[in-house]
Structures are given as C-alpha cells and as structure tokens.
Amino acid sequence: GYFLIRVDKERKFIEVAFCTSKNKMKLKVTGKNPLEIYQTILNKENMKIRPDHAAYLGRELQKAYNALQLGLDYVQDDELDFSKIKRQD
C-alpha cells in the first residue's frame with residue numbers, strides 16, 4: 001500500500017490516507033500535528049508498516065506541518081520552497 005498526504009490550509013489540518021495496492025482507501029487520519037497523526041496510525045489503528053514507510057511518513061508529516069506553519073504550499077514528495085516565505089520587515 002501507500003500513503004497520500006495533503007494539507008487543508010483553511011482548517012490548518014493535515015490529512016493522511018492509506019490506500020491498498022488496488023487504490024482503495026483503507027484508512028484516513030486527520031490532525032493538527034505530526035506526532036498526533038503518526039501515533040494514531042501506528043498505535044490506535046495498530047497498522048503494521050515497514051520501517052521505511054514509517055520513516056517516510058514521519059518526514060512527510062513534518063514537512064506538511066512546516067508548510068502549514070509557514071504558509072507554504074505542500075506537495076507530497078517535493079521539497080518545500082522556503083523562498084516563498086513572506087518576510088516581515
């Protein structure tokens with residue numbers, strides 16, 4: 001399976017879906033911070049995921065959170081564009 005991650009800028013939420021290899025959504029978790037979402041997926045939902053998927057999920061969740069906090073666009077698997085941060089003079 002695979003994870004799909006997106007942000008809801010208006011509500012300041014991160015949404016994560018886990019899809020099976022047949023493109024069927026098996027789980028959807030929404031939260032405001034990476035740790036809350038990560039722990040829900042691994043502990044409350046008791047998902048057994050590979051270590052490389054866990055590392056990927058942690059990285060992408062933190063990146064999505066940073067994008068929300070900084071007002072940046074989040075695109076899964078792309079780097080954040082920090083040049084777009086609105087600076088206050």
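# Reading a predicted β-β-β-α-α model

Tutor: Of the 89 residues of the protein, 36% count as buried, where buried means under 20% relative accessible area, exposed over 50%, and partly exposed in between (1.4 Å probe, protein chains only). This is a predicted model, in which local features need pLDDT of at least 70 and side-chain atom pairs count only at pLDDT 80 or more, while totals for chains, interfaces and linings use all residues. Residues are numbered from 1 along each chain as its sequence is written, and side-chain values use heavy atoms, with hydrogens and water left out.

Student: How many helices and strands does the protein have?

Tutor: Helices (H or I, at least four residues) and strands (E, at least two) are DSSP runs, numbered from the N terminus. The protein has two helices and three strands, and their order along the sequence is β-β-β-α-α. Along the principal axes, the C-alpha atoms fill a box of roughly 45 × 20 × 20 Å.

Student: At what angle do the axes of helix H1 and helix H2 cross?

Tutor: Two packed helices are described by the angle between their axes and the distance between the axes. Axes are lines fitted to C-alpha atoms, for helices over the stretch in contact, and angles run from 0 to 180 degrees between N-to-C directions. Here the axes of H1 (residues 34-44) and H2 (residues 51-70) cross at roughly 150° and come within 9 Å. H1 is therefore roughly antiparallel to H2; angles under 35 degrees count as roughly parallel, over 145 as roughly antiparallel, 65 to 115 as roughly perpendicular and the rest as oblique.

Student: Which residues of H1 and H2 meet?

Tutor: Contact means heavy atoms within 4.5 Å. Pro34, Ile37, Tyr38 and Ile41 of H1 meet Ala54, Leu57, Gly58, Leu61, Gln62 and Tyr65 of H2. By class, this contact has eight nonpolar, two polar and no charged residues. Ala, Val, Leu, Ile, Met, Phe, Trp, Tyr, Cys and Pro count as nonpolar, Asp, Glu, Lys and Arg as charged, and the others, Gly among them, as polar.

Student: Is Lys63 buried or exposed?

Tutor: Lys63, a residue of helix H2, is buried because its relative accessible area is 7%. The side chains of Lys63 and Glu60 are joined by a polar contact of 3.0 Å. A polar contact is a pair of N or O atoms within 3.5 Å; within protein, one must be able to donate a hydrogen and the other to accept it, and residues adjacent in sequence count only if both atoms are side-chain atoms. Neighbours within four places in sequence aside, Lys63 is in contact with Tyr74, Val75, Asp77, Asp78, Glu79 and Leu80.

Student: Where does Asp77 lie, and what is its phi?

Tutor: Asp77 is in the segment after H2. Its phi is near 75°, a positive value in a residue other than glycine. Asp77 counts as exposed because its relative accessibility is 51%.

Student: Which loop holds Asn23?

Tutor: Asn23 is in the loop between strand E2 (13-19) and strand E3 (25-31). Although not a glycine, Asn23 has a positive phi of about 60°.

Student: What does the side chain of Asp8 reach?

Tutor: Asp8 belongs to strand E1 (residues 2-8), and its side chain reaches the backbone nitrogen of Glu10 at 3.2 Å. With neighbours within four places in sequence left aside, Asp8 is in contact with Phe13, Glu15 and Leu68.
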